[in-house]
Amino acid sequence: MQEKAQKKILLSEAHQKENLNIAHYLLKDGHLVALLSDESKLVNDFIEGLDPEYKHNCFRQCLDLYTEEKITGVVDRVTEKLKGLDILINGLPGGANEAVLVETSPETFGTDITSDFNKVFLLNREIVRHMIREKAGNIIFLLIDDVLDFADYPVSPVHNHGRIAMMKSMAKELAPFKIRVNSLTFGIYNRGFSPSEKREMRRKLEFCTLKPPIPTWEDLLPALDALIYPSFKYMTGQNYPACIGTSNT
């Protein structure tokens, strides 16, 4: 694994709780982090609550409308502020339970999915334009394991497999430009379970291991290091699990 050199990172969907935890983890490792979100208050509150040693390495970029013009402007401002860009992390999209959505809003399910994919596509396309000029870059998609549906987790298999398909396609196209594209799938973690809920969750997971541990979200975040500091420069087009063995995404 490479030495932990400082990286210039853009994190999307930054207002989501798990993504803010990721931002804090990256800042503690000494990285420069730009937070992209349409929820400016949540991100501002996060930055204001940071220790002074981290605050000067964290920047907010608001994007309330995903048009080509606005995205181009945001990416230009981020690269100017960070003086470059090494990594784009496509943050977790928000924990929507697609099984519930397709039952409650079947008439809009398809259009909502399409709209979300369009946003991801437009952002990644603009980032890729920048990285191709530099002939270097690293793009990471974050997912929550859709096998966790059995454990009553909000899962998004359509989003997951769409993002994985996009990741694999991008990886093949961008390999000649020395741009790596991978995804990281997080497994079970403690979402604030009560003691009884935690016991029940461990019971459900016993098919995987005897009395399986249920880590905190923060316990899983060091898995990011494997993609931020890859030990093999041709590691691209892969979906890596950060879980205790339940993944089938």
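The model is predicted: local features need pLDDT of at least 70, side-chain atom pairs count only at pLDDT 80 or more, and totals for chains, interfaces and linings use all residues. Residues are numbered from 1 along each chain as its sequence is written, and side-chain values use heavy atoms, with hydrogens and water left out.

- Ile71, Gly73, Val74, Val75, Val78, Thr79 and Leu82 of H4 are buried, where buried means under 20% relative accessible area, exposed over 50%, and partly exposed in between (1.4 Å probe, protein chains only).
- The cover over these buried H4 residues includes E1, strand E2 (32-37), strand E3 (58-62) and H6, counting contact as heavy atoms within 4.5 Å.
- Glu126 is in helix H6 and counts as buried because its relative accessibility is 11%.
- Apart from its neighbours within four places in sequence, Glu126 is in contact with Ile71, Thr72 and Val75.

**Helices H6 and H7**

- Helix H6 (residues 106-134) packs against helix H7 (residues 157-174) at an angle of about 25°, with the axes 11 Å apart.
- Axes are lines fitted to C-alpha atoms, for helices over the stretch in contact, and angles run from 0 to 180 degrees between N-to-C directions.
- H6 and H7 are therefore roughly parallel to each other; angles under 35 degrees count as roughly parallel, over 145 as roughly antiparallel, 65 to 115 as roughly perpendicular and the rest as oblique.
- Residues of H6 that meet H7 include Phe109, Ile113, Phe117 and Phe121, and their partners in H7 include Val158, His159, Met166 and Met170.
- By class, the contact of H6 with H7 has eleven nonpolar, three polar and two charged residues (Ala, Val, Leu, Ile, Met, Phe, Trp, Tyr, Cys and Pro count as nonpolar, Asp, Glu, Lys and Arg as charged, and the others, Gly among them, as polar).

**Positive phi in loops**

- Most residues other than glycine have a negative phi.
- Just after H4, Lys83 takes a positive phi of about 60°.
- Lys83 belongs to the loop between helix H4 (68-82) and strand E4 (87-90), and at 68% relative accessibility it counts as exposed.
- Glu13 also has a positive phi, near 50°.
- Glu13 sits in the loop between strand E1 (8-11) and helix H1 (17-28), and at 22% relative accessibility it counts as partly exposed.

Conventions. Helix = DSSP H or I, 4+ residues; strand = E, 2+ residues; numbered from the N terminus.
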